[in-house]
Amino acid sequence: MYQVGIDIGSSSAKTAVLKGGEIIKTILLDTGFSSRKVADEIYAMLEAEGITRENAGYVATGYGRVSVPYADDTVTEITCHGKGSYFLFRENGTVIDIGGQDTKGISLKNGRVMKFVMNDKCSAGTGKFLEVMTNRLGLTPEELSRLARKGKEITISSMCTVFAESEVISLIGKETPREDIAFGVIESVVNKVVSLLAQVPNDRYFLTGGLCEDAYIIGRLAKALDAPVSSLPLARYAGAIGAALLCK
Amino acid sequence: METLELPKSFDEFVDARKAGFLKVKEYVENGGHLVGMFCSYTPLELFDAAGVSVVGLCGTSNEPIADAEKVLPKNLCPLIKSSYGFAYTEKCPYTYFCDFIVGETTCDGKKKMFELLNDIKETYVLHLPQSQKREYAKDIWYQEIKLLKEYMEKRYGIEITDEKLREAAHKRNELRKTQMELYTLQGAVPPAMKATEVMSTLAQGMFNFGVDAQHASYKAKVDAAKEAVANGAKPVDEKAKRILLTGCPSTGVIQKVGMTIENNGGVIVCLDDCGGERTQKMLVDENADNILRAISDRYLEIHCSVMTTNEGRIENTREMCKKYKADGVVEMVLQACHTFNVESNLMQKMCEEEGIPYMKLETDYSTTDSGQIETRIAAFIEML
């Protein structure tokens, strides 16, 4: 029996397939315009490998969870990221999930969610903020981090993504080096995330979501939190893995 | 018969709203008097004794907010904006046809809004003390209530006698007891009904003319629910997580918060806002020598976050958590409501002491954050 977890986020759709407690497959797709379409695409890809309704259970999570017609159940990304992280890291602590539209802090005890915080409707401190800024600077996310390493202290004071973008535009206008702006952009995200996490403090943190392979951001988070932050390449699938684990 | 004019935009209204207007118009044209009010501090017995119907005008809809923001700042509580907006746009029949509005100084936003509202509709503002604690607080409030009584007597050319006040106090007490019965039905496992039903019953009941009609509507609901339970009806899943909903007045978020809780594996077993058990369990001493004083004393007892300090509210919620076997506490704070927002810290501490999971939601009447609110509520219930 296969356990399939599908995490349809605002930017990407992640799928994890488990069998006998082992992750045997992961799929990463862009969510694109239609959650429904990407859900169908995932089903077809799995079907091609012999994973079908006959031999698999499906649990959907993420904001597009309601658009997976073949899901047996839907569970929120908070529960799934908590469960998936505990599976990956085998430790209690606070999970930091920086998603495309939300950032969450999830505190785990005995592998269970004890408390969580989530940004309100504002996109400060989320993947969306980074996306807007990298686009404005004409960079890829990897380039942004690489440049930031060489950057000097610059503070982007606006929390609001729209205002912060104007601030970045005026920095560009003043010919501020891109490295410095990149540094400021990442610090802004780190600071916002850390202030959100103040409500779920811990001595140990795990980063999940799309930034899980960005060593620079992980390092800056650890410094700002003054505590170890771990991540794994598979951590971007934490939500999908958690969902798969919840398949009956 | 008095002839009354309908709002200028009446023809553009949808049928349900037109019907509402015509019903109120008819009531007033037939000699009925109507007063609008906002808050549980309003001494209802005074209006009952004067033979005047009193209706709650607390705005609970997002609809008139954009218009209200032409006058009021955006960053203000949605209840205040909505209440003002209904008067400003002439879309609420009760606001439109009432003789006057009774406001109170329960928060700075409302207090200042009433000054502007007074330009649209006469607004009489009751001045609340800042706290119940001072020796003379009850005297201040008594003087306020007496002043309102004198105002009413003069305005309507009547005498509000002690006998009438006593009778009104008795009827209001009976109504409160029925309301308590309605709340207590939720104590069963599983509760007798979804709380969104209770919320709708209470909200609709407020729009009856007079205490008797309101009482009858609540009584009918209690009887129907009891009968359904006796016949084996179980409208709520036994495994549903039992939620106590506290914080700001919640009628404006029945859909966004109430229904979301109840559609995601939860059930609200205790409505712990100012219209709930915390307030309705307080009765007026019907046999007091000075009945007006007994009425004013009862109202000043109310635990509102505007009072400093306000331990009574927190302690009452602690008791409610036990009585209703709450699995979790959700606190709903309306955007820009500083008093409840700050006080939420004390509520959270109490929940931690009791070992009950707590979550605060800060929101308004719009749908902009519905997705995030749903994720938060669903995750909270999954966590329980």
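Mentor: With a relative accessible area of 3%, N119(A) is buried (under 20% relative accessible area; exposed is over 50%, and partly exposed lies in between, with a 1.4 Å probe and protein chains only). This is a predicted model, in which local features need pLDDT of at least 70 and side-chain atom pairs count only at pLDDT 80 or more, while totals for chains, interfaces and linings use all residues. Residues are numbered from 1 along each chain as its sequence is written, chains are lettered from A and ligands numbered from 1 in the order in which they are written, and side-chain values use heavy atoms, with hydrogens and water left out.

N119(A) sits in the loop that runs between strand 8 (112-118) and helix 3 (127-137) of chain A; helices (H or I, at least four residues) and strands (E, at least two) are DSSP runs, numbered from the N terminus. Apart from neighbours within four places in sequence, the residues in contact with N119(A) are Q101(A), D102(A), T103(A), T126(A), L196(A), Q372(B) and R376(B), where contact means heavy atoms within 4.5 Å.

For comparison, consider a charged pair in chain B. E353(B) forms a salt bridge with R318(B), the closest N and O atoms being 3.1 Å apart (a side-chain nitrogen of Lys or Arg within 4 Å of a carboxyl oxygen of Asp or Glu). E353(B) counts as exposed at 57% relative accessibility, whereas R318(B) counts as buried at 16%.
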